[in-house]
Amino acid sequence: MKLQEYQGKQLFREYGIPVPEGKVAATAQEAAGAVKVLGGSAAVKAQVPVGGRGKAGLIKLVDSEAEAGTVAGSLLGAHHEGFTVMKLLVEEKMEIDMELFLSLVVDGRGKIVMLFSPSGGMEIETVAELEPEKMFSLEIDPCALPPLYRLRPFLRQGGLRGKILNELANVAFKLLKMFFDKDLLVAEINPLAVLSDGRVVAGDAKVEMDDNALYRQQWQETQEFDNPLEMEARNIGVTYYRLEGDIGIIASGAGLAMCTMDLLAEAGHNPANFLETGGGITEELMYRAVKLVCSHEKVRGLLVNLYGGVNPIEKGAAGIVRAINEMSPRPPLVVKALGNKQEECWRVLEEGGIPVVSSVRTEVAARRLVELMDGN
Amino acid sequence: MSIFVKEGLKAVVSGITGRIGSVQARWMLDYGTDLVAGVTPGRGGEEICGLPVYDDVYEAVEKHGANAAVLFVSALFLRDAVLEAVDAGVELIVAITEHVPVHDVLKMKRQAEIAGAWLIGPNTPGIISPGIGKLGIMPGNLFKPGRIGIISRSGTLSYEIAGVLNEAGFGQSTMVGMGGDPVVGTSMAKILSEFEADEHTDAVVVIGEIGGSAEEEAASYVREMTKPVVAYLAGRTAPTGRRMGHAGAITGKGGFGTVESKAAAFKSAGTPVAGRPSEVPGLLQALTGK
């Protein structure tokens, strides 16, 4: 789960990582009020859990309460990368001498890596690509936090010394603690700002928490979904993404779902969604999943692709039949299902009047469905 | 014989008393797997499917010489169950569980590495050597004995590809579900090296998908192999930036982790990439002349 900037900074505060003075605002009035408290000028930053806000004009500097109100009014409700701006962070303006980059991440190889560059800021990606000698990395043992003294020589490679190096090392150590305590996948501070008054302050917070660990983090789920279908999917317990094609998909595995999408595209149709059930199929789950997929207004046909290893596909079949029986007219639908209890699963579907494909080839099911849809 | 699931295997079922563990233990036994005991803390002294249940893995190792474990333990408790098995000296640990916190997997993986134990998974259907046994939940009726090895990030796609291989007369030596999470216990490359050394495997099918760099790393190793490899990659049409179910399956901006980049890596290693699962047997035929 990607945290919004103000949530990341809340965590930073909890761990003693310095952050700018700031207040969250949900209305133009609150924004104006916050600017007043900050002395009349501030940065007004749209809160969405994705990057590119600066370049998208979603971070603005204001010099009066009135200006804050106007800016806030235009930022609230704006759309960026699939999210709607519901909150703003109003922060003190800072006199920045240096912008550093500090991050912790679980990388593609499954290693925890600390990254540091003295050339932080908006162009960090360019630095990483064109000046790799300015990006320093340190592998972190997942079973043991490195001591603070190991971080100083690592960070010193960036050319900093004395008080700044010491402050930087302290921030890095606290970030490490937070990374482990909070089950984080990403904890990035860019820029980590060195101010003209000597303070070292986190200018931004990009924090991502592991969805699989939310149960033990007692983190209040505050992610706003633009999409009610995706919200419903979360309630059902399936992974669902809305797409814009005309064939709804339900698969019992992510790989199978992606393969199904690829094969439908080859059959000349686009998927209306991605949906995978994982190992938790029940009659109720499949019933709700079918209803969910078919509630997308562009869906003209449904392809269900199941393998029963741990999944009771015979129970899933009953859920599909119940859902389809409640629909009028019944959408063109094909179920491909194989595995444990497959014969029972096929029987339940056939008794429910639902076409069954027992081939091992998904493209056979795709072709059959397209024929049914064309026949309609 | 085969890799991992072979003669001399003595496996423990952790979480055997659970709803899933008890059913799967029965099906593994029916398939002919050498299970020796079950473990569920607090249920020592009971018997499930004719197997003695112990409170801890150490006793199962002591009393039965257990050298492998398949775990049906909830994500909340999986980490310690794996660390216990590693500590007890178990050499092969198959963690079926899905939704395991990444930090737990990182710790499990590190400790297994230090101990020299194989950790397969999590979020995997397990390992099957058709005709010999299975440590996992894959339906036995979907696989047939033969000489093709399979490594897969996706359980369901391993069933699909085993299916088309069966139709073409290519049975499987071993199928290893390496797991669908972004961090898994054992890399694709390492499992490939096991197949390379396995006298019962003639060729390997790699089933990959978008996200991460497992395939790129595997392609690098393929150049050193003598045995032919064929790949299938899912997710060519998946939109970028969305985590497609498998926490590992996400493509980033700039082409990172895409099917194109993985296919390119395989092709430059001389590994043909199938456009759909049903094309795999044809590519194998061309490479093996069978």
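Here are some notes on this predicted model, point by point.

1. Chain B has a mean pLDDT of 94, with 94% of its residues at 70 or more. One stretch to treat with care is residues 247-251 of chain B, where pLDDT stays under 50. The model still has 25 contacts beyond four places in sequence for that stretch.

2. Next, chain A as a whole. You'll find 13 helices and 18 strands in chain A. The C-alpha trace of chain A spans about 75 × 50 × 40 Å along its principal axes. Chain A has 376 residues, and 46% of them count as buried. Take the contacts in chain A between residues at least 6 apart in sequence: 67% of these join residues at least 24 apart.

3. Now the place where the two chains meet. Chain A puts 45 residues into the contact, and chain B puts in 47 residues. On the chain A side, the elements giving two or more residues are strand 13 (239-242), helix 9 (254-266), strand 15 (273-276), strand 16 (301-308), strand 17 (333-339) and helix 13 (362-375). Helix 9 of chain A has the largest share of that side, with ten residues. Sorted by class, the side of chain A that touches chain B has 23 nonpolar, 14 polar and eight charged residues.

4. Over to chain B and its domains. In the contact between them, domain 1 of chain B supplies ten residues and domain 2 of chain B supplies seven residues. Helix 4 and strand 7 of chain B are the elements that give two or more residues to the domain 1 side. Helix 4 of chain B gives the largest share of that side, six residues. By class, the domain 1 side that touches domain 2 of chain B comes out as nine nonpolar, no polar and one charged.

5. How far apart are the end C-alpha atoms of helix 4 of chain B? They are 20 Å apart, which agrees with the 20 Å that its 14 residues should span at 1.5 Å a residue. The buried residues in helix 4 of chain B include B:Val102, B:Val105, B:Leu106, B:Met108 and B:Ala112. B:His103, B:Asp104 and B:Lys109 are buried there too. After helix 4 of chain B comes B:Gly116, with a positive phi near 75°.

6. Last, helix 3 of chain B (residues 78-87). Its buried residues are B:Leu78, B:Arg79, B:Ala81, B:Val82, B:Ala85 and B:Val86. Looking down the axis of helix 3 of chain B, these buried residues fall within an arc of 165°, so they line one face of the helix. And what covers the buried residues of helix 3 of chain B? The cover includes helix 2 (57-64) and helix 4 (102-115) of chain B, along with strand 1 (11-14), strand 5 (68-71), strand 6 (92-95) and strand 7 (118-120) of chain B. Helix 3 of chain B is followed by B:Gly89, whose phi is positive, near 90°.

How values were computed:
Residues numbered from 1 in each chain as written. Chains lettered and ligands numbered in written order. Predicted model: local features only at pLDDT ≥ 70, side-chain atom pairs only at ≥ 80, totals over all residues. Buried ≥ 20, exposed ≤ 12 C-beta atoms within 10 Å, placed from the backbone. Helix = DSSP H or I, 4+ residues; strand = E, 2+ residues; numbered from the N terminus. Arc of directions from axis to C-beta. Contact = placed C-beta atoms within 7 Å. Nonpolar A, V, L, I, M, F, W, Y, C, P; charged D, E, K, R; others polar. Expected span 1.5 Å × (residues − 1). pLDDT = per-residue confidence, 0-100.
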